[in-house]
Amino acid sequence: MGGMLDPAAAGARREAFRALHAEGCFVLPNPWDVGTAKYLAAQGFRALATTSSGAAWSRGLADGTMDLDAVIAHVAEIVGATALPVNADFGHGYGADAEGVGRAVARCLETGVAALSVEDATGDPARPLFPLEEAVARMQAARAACDAAPGRGILVGRAECFLTGHPDPLAESLRRIAAYAEAGAEVLYVPGIRTPEHIAAVVAAASPLPVNLLVSRPIGLTLAEIAALGVRRVSIGGALAGVAWGAVGRAVEAMKAGTFDALGTRMPGTVLDGLFGA
């Protein structure tokens with residue numbers, strides 16, 4: 001695992017992934033290692049996405065602290081784990097400026113990843129979002145790198161207003177996704193929206209481009225209801241990784257209290273051996 005995908009195979013995965021966005025609504029689950037990628041692929045999902053938080057936690061790191069080399073290696077590992085298209089969670093593009101983003105995105109695309117997202121959050125509490133002009137320039141550099149890849153890599157533009165405490169997150173998100181669409185993003189993404197009203201507003205503003213909805217916790221909507229609002233794909237971020245850590249935490253607390261009942265919820269080793277030995 002972890003090698004670079006053949007360019008022809010990478011191009012075919014990108015074409016297949018682009019076609020998935022044409023109609024309907026699909027779930028894009030987020031594995032955090034080779035085992036979870038293989039498991040999710042075996043469940044019939046049609047594509048996968050990486051999760052920056054899940055990957056970081058598996059390495060004993062906080063979300064957002066993996067460097068570019070580690071992220072590239074992780075993306076290559078997930079791409080190599082299955083034959084499914086993979087969407088990379090690529091932070092703010094791993095470049096100090098637009099030129100650096102273009103170089104980093106080109107490196108990521110060399111793994112054979114079908115798509116990647118670039119967000120406008122800086123990671124700096126003093127200025128949580130890149131100014132729009134700068135964010136657009138970074139998106140344009142990512143678009144140029146995507147266009148140079150076999151089959152054209154798919155660019156996802158993320159507006160992080162809801163997650164960074166913007167005083168008017170919906171209005172600013174709509175302004176930003178319009179600019180990112182013009183800059184070449186093919187899929188638009190506003191993490192943090194949860195209500196039908198906000199979801200419908202983002203879908204309307206993004207049209208005709210597809211929208212990704214993050215569901216990292218229950219939001220009171222079923223997949224059918226989300227699809228009826230016009231969302232094309234649903235990702236879950238680090239939620240599955242968090243569920244796994246939650247199960248570990250509950251089992252550990254039980255053991256500390258002197259019981260082992262929580263271990264009864266484990267997936268049998270024979271099931272996992274059968275999956276990974278196939």
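From β4 the chain crosses through helix α6 (residues 132–147) to β5, in a right-handed β-α-β crossover. Right-handed here means that, with the strands pointing away from the viewer, the path from the first strand over the helix to the second runs clockwise.

The model is predicted, so I kept its limits in view: local features need pLDDT of at least 70, side-chain atom pairs count only at pLDDT 80 or more, and totals for chains, interfaces and linings use all residues. Residues are numbered from 1 along each chain as its sequence is written, and side-chain values use heavy atoms, with hydrogens and water left out. Helices (H or I, at least four residues) and strands (E, at least two) are DSSP runs, numbered from the N terminus.

I then checked β3 (residues 86–89), which runs parallel to β4 and is joined to β4 by three bridges. Asn87 has Ala115 of β4 as its bridge partner. The chain passes from β3 through helix α5 (residues 98–109) to β4, and this β-α-β crossover is right-handed.

Is β4 enclosed or open? Five of the five residues of β4 (residues 115–119) are buried, so the strand is largely enclosed by the rest of the structure. Buried means under 20% relative accessible area, exposed over 50%, partly exposed in between (1.4 Å probe, protein chains only). I found Ala115, Ser117 and Glu119 buried on one side, and Leu116 and Val118 buried on the other.

Notes. Pairing = 2+ DSSP bridges.
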